[in-house]
Structures are given as C-alpha cells and as structure tokens.
Amino acid sequence: MAKEAANGENHSTTKPPPNPSPLRSAKFFQANMRILVTGGAGFIGSHLVDKLMENEKNEVIVVDNYFTGSKDNLRQWIGHPRFELIRHDVTEPLLIEVDQIYHLACPASPIFYKYNPVKTIKTNVIGTLNMLGLAKRVGARILLTSTSEVYGDPLVHPQDESYWGNVNPIGVRSCYDEGKRVAETLMFDYHRQHGIEIRIARIFNTYGPRMNIDDGRVVSNFIAQAIRDEPLTVQSPGTQTRSFCYVSDMVDGLIRLMQGNNTGPINIGNPGIVIPNCHRDDHNDVNTDLGFSHAGEFTMVELAENVKELINPKVEIISVENTPDDPRQRKPDITKAKELLGWEPKIKLREGLPLMEKDFRKRLGIHRTN
Ligand SMILES: NC(=O)c1ccc[n+]([C@@H]2O[C@H](COP(=O)([O-])OP(=O)(O)OC[C@H]3O[C@@H](n4cnc5c(N)ncnc54)[C@H](O)[C@@H]3O)[C@@H](O)[C@H]2O)c1
Ligand SMILES: O=C(O)[C@H]1O[C@H](OP(=O)(O)OP(=O)(O)OC[C@H]2O[C@@H](n3ccc(=O)[nH]c3=O)[C@H](O)[C@@H]2O)[C@H](O)[C@@H](O)[C@@H]1O
C-alpha cells in the first residue's frame, strides 16, 4: 500500500487544482489550447511539435536554449501564426500564459548530459521547479519526460513502474538519473500539495530522424558510422541490452498520456512482441543468434549486426571501452500504457532503421551505392 502510494497509484491531493486558464474554454480565440513545449527544438520535442501543430486548435510555444537542439528542426513552423519560438533557459523562471506544458528540456545523450553535469542537474531540478511554478500560476497541466534511467542498472527485468530502481547516487550518470528522479518527486509534491495536474512518462530509448548525427547515442552512432564506412563501435561487453522505440510511436504515447486521466508514471517504450521462453533474466547468458525475431530487446552486438546487414554489409564491428555504470539490461513492461492509454508501439526496429538511414544520408550528403 505504502509502495503503491509512493508510485503514484493512490494519490490524494491536499488542495483542489487551480482554475485552468480561461483560454481553455475561450470562444473567440482561433486557437483554444495554448501548449508549451520545453526542449521543443530537440529530437523528440520537434516531432512532438509537428504532431501538435497538425491540430488547428493548438497554438504551440517552444522554449529552448539550443544546447543540443536546433532551430533547423523547427524550420517548417517558424513564421507560422500558431507557432512561437523563444530562446530561454528553463533554469530561469518563465512568465507566459499556457494551458498545457510538455516539459522535455534536458540534454538526453550521455555525452551531452555528462559534459556539464552541474548544469544537467540544475536543468532537471530548477528547470522542473520553474515549470511547475508556471503550471501552478496559470493552472496548466504539465507532463514530464522522465526516463527509464530512473531504474538505473535494473535488478528487475523487464521493468515495470512499481520498481524503485538501482541507481548510483554519486556516479557520472547521476546528474541525469538522480536529476530525473528528483524531477519526478517535485511533480508529485506539487500535485499533492498544490493540486497541479501532472503526467509523468518514463521514456525508454527512442530513435528516429533528426537525432543529432554526432549525438553519441548508440543508434545514431551506428547509422552514421555505417554510412561513413567507419567501424561500428560496440562498447564492451556488447551483451548489454536495450529496447528501441521509434519516435512517432513515442509522440503518440506522450500525447495520449497528456490527454488522458492518469498521472503516471507510465513506461513508454518498445518491448517488441513477447515470445515465450525468450527472457533475458540473466544478462550474462545472452543469445546473440536471436536476430530480429526475438522479443524486441537487443544486445549492442545484435544491434550492430543488424545495422551492418541493413545499411552497409562491408562495415567492420569493433569493441571499444565502455563508460561507468552503463545499465546492463533494459526493457519496458508496457502493461500500464496498454491498459490506461490504449497505446502500444507500431514500428519495429527493422522498419525504423531505414527511415533514419534515409534522413542521415540526406543530411550527410552520402547516397547509397549498393
Ligand atoms: N531520446 C530518448 O531516448 C529519451 C529517453 C528517455 C528520456 N528522454 C527525455 O526526453 C527529452 C527529450 O530528449 P531528446 O532525445 O529529444 O533530447 P535532445 O537533446 O534532442 O532534446 C533536448 C532539448 O532540450 C534543450 N535543453 C537542454 N537544456 C535546456 C535548458 N536548460 N533550457 C532550455 N532548453 C534546454 C536542448 O537544447 C534540446 O533542444 C529529455 O527530457 C530526455 O531526458 C529521451
Ligand atoms: O532510454 C533511456 O531512458 C535513456 O537512454 C539513453 O541512455 P543509454 O541507454 O545509455 O543510451 P546510449 O548512449 O544510446 O547507449 C545504449 C547502449 O549502447 C552502447 N553504445 C553506445 C554508443 C556506441 O557507440 N556504442 C555502444 O555500444 C552503450 O554502452 C549502451 O550500453 C539516453 O541517452 C537517455 O537520454 C535516456 O534517458
């Protein structure tokens, strides 16, 4: 019971929610839902903006400091009457009028979040505090993009939302992992204390077009390396696993979560099709011959082999040193997302990789020759 409450299943508020902005029911506004997307110039944020802009009732405001994002990701919307772009750092307060807040601002690739760890934790803690303050002032609903990294190097597999995680509080990844854990705590404290309408998504590894080419995350690294005829760098031991979600599925899940009635936290990720007797309970016993037919959880060696097969059969796969505290296994249990949001991913890795290859080739100016 105590554990349930702490996981947000059984939340009670001490205050009624603040009145939502009158814009939500305004009759004479061309757009009657004003939506803020922090980090909207980044990878997931810009795809989310594309989807939100499809609805003519939405007015979208992006706030970004361009640390890892780019105006280029939003170029089709710049100048649009329902779109506004603000250069702003979320560690500073923001005073605007909005009805919904998708709070994504935070560097997400380990290379970038470890680059300035103090800034990363400030972004997660002070940035989230500022966005909650904004939500409280204007009565907006706020969604936080948390992460599967709150489970750390998980001892439970696959991970469901009731698992409290196994996180190193003082390691080089802690600025991000612990930062997101505090961000989740702040969300629930504002919810309980001030009645703020909150939503928490725990996102699992997401990939797709518009990732930074030199982002440093594994799918973008392998695709860029394969296109450039460079060896695919598998960080040792190569048996560590991840489950990869295509970005359009992710955006669909985030919007459903925002629009639904459940606070979360809810895992959003792609565990693949569950095949009986295909568990990876013991990460030392990984079968690298399972190919694409298994349950959607890939070792990094398998991922490299599949990128090689699909994009550049001549490329070499090499083993390189890993970084500390790399989680050894990761796969979402998405039962809650299925039941509460009616959501499940549609795009398999084999379908998503070529879509990303196409985007990377265009940006790199390297055409396929075979
Ligand atoms: N992509 C994934 O696999 C994944 C997995 C789990 C969680 N997430 C979360 O989703 C969100 C988006 O991730 P992404 O993959 O699109 O990363 P991204 O790096 O492409 O986007 C992050 C955006 O936030 C902006 N930003 C960073 N710090 C900021 C600050 N202080 N003020 C204002 N803007 C700031 C960046 O410039 C960038 O545009 C992040 O919160 C991340 O933690 C992503
Ligand atoms: O989904 C999540 O919750 C988190 O996933 C990622 O963190 P991580 O899984 O470490 O992502 P990558 O940097 O892409 O690494 C995945 C695996 O690939 C390996 N890797 C990475 C890069 C590379 O060139 N080669 C390689 O083998 C890493 O060692 C790791 O085991 C994201 O970077 C986080 O933003 C996100 O919150």
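Student: How many residues of the shell around ligand 1 are nonpolar, polar and charged?

Tutor: Twelve are nonpolar, 14 polar and two charged. The sorting goes like this: Ala, Val, Leu, Ile, Met, Phe, Trp, Tyr, Cys and Pro count as nonpolar, Asp, Glu, Lys and Arg as charged, and the others, Gly among them, as polar. Before we go on, residues are numbered from 1 along each chain as its sequence is written, while chains are lettered from A and ligands numbered from 1 in the order in which they are written. This is also a predicted model, where local features need pLDDT of at least 70, side-chain atom pairs count only at pLDDT 80 or more, and totals for chains, interfaces and linings use all residues.

Student: Which of the residues around ligand 1 come nearest?

Tutor: There are 28 residues around ligand 1, and G39, G42, T68, G69 and A108 come nearest. A residue gets onto that list if its C-beta atom, placed from the backbone, lies within 6 Å of the molecule. Looking at elements, α2 (43-53), α4 (117-138) and β5 (141-147) each supply at least two residues of this shell. The biggest giver is α2, with three residues.

Student: What makes something a helix or a strand here?

Tutor: Both are DSSP runs, numbered from the N terminus: helices are H or I with at least four residues, strands are E with at least two. By that rule the protein chain has ten helices and 13 strands.

Student: And which residues around ligand 2 come nearest?

Tutor: Of the 20 around ligand 2, they are A108, T147, R217, V218 and Q235. Two elements give two or more residues to this shell, α6 (218-227) and β8 (232-235). β8 gives the most, three residues. By class, this shell holds seven nonpolar, nine polar and four charged residues.

Student: From which domains does the shell around ligand 2 draw at least three residues?

Tutor: From domain 1 (2-207 + 246-268) and domain 2 (218-241 + 272-331 + 347-364), at least three from each. Those bounds come from an automatic or database domain assignment. Two residues are in contact if their C-beta atoms, placed from the backbone, lie within 7 Å.

Student: Why does G253 count as buried?

Tutor: Check the cut-offs: a residue is buried if 20 or more other C-beta atoms lie within 10 Å of its own, exposed if 12 or fewer, and partly exposed in between, with C-beta atoms placed from the backbone. G253 has 25 C-beta neighbours inside 10 Å, so it counts as buried. It lies in helix α7 (residues 247-259), and among the residues it touches beyond four places in sequence are A201, I268 and W343.

Student: How do you know that N267 is buried?

Tutor: Same test: N267 has 26 other C-beta atoms within 10 Å, so it passes. N267 sits in strand β11 (residues 266-268). N267 and T335 are 68 residues apart in sequence, and 8.6 Å apart in space, C-alpha to C-alpha.

Student: What is the largest nonpolar core, and which residues have the most contacts inside it?

Tutor: A nonpolar core is a set of buried Ala, Val, Leu, Ile, Met, Phe, Trp, Tyr and Cys residues joined through C-beta atoms within 7 Å. The largest has 80 residues, and I101, I142 and I223 have the most contacts inside it. Its largest share, seven residues, comes from α6. Domain 1 and domain 2 both give residues to this core, so it lies between them.

Student: What is the mean pLDDT of the protein chain?

Tutor: It is 89, and 85% of the residues reach 70 or more. pLDDT is the predictor's confidence in each residue, from 0 to 100. It stays under 50 over residues 1-10, and also over residues 275-294. The model scores ipTM 0.97 and pTM 0.92.
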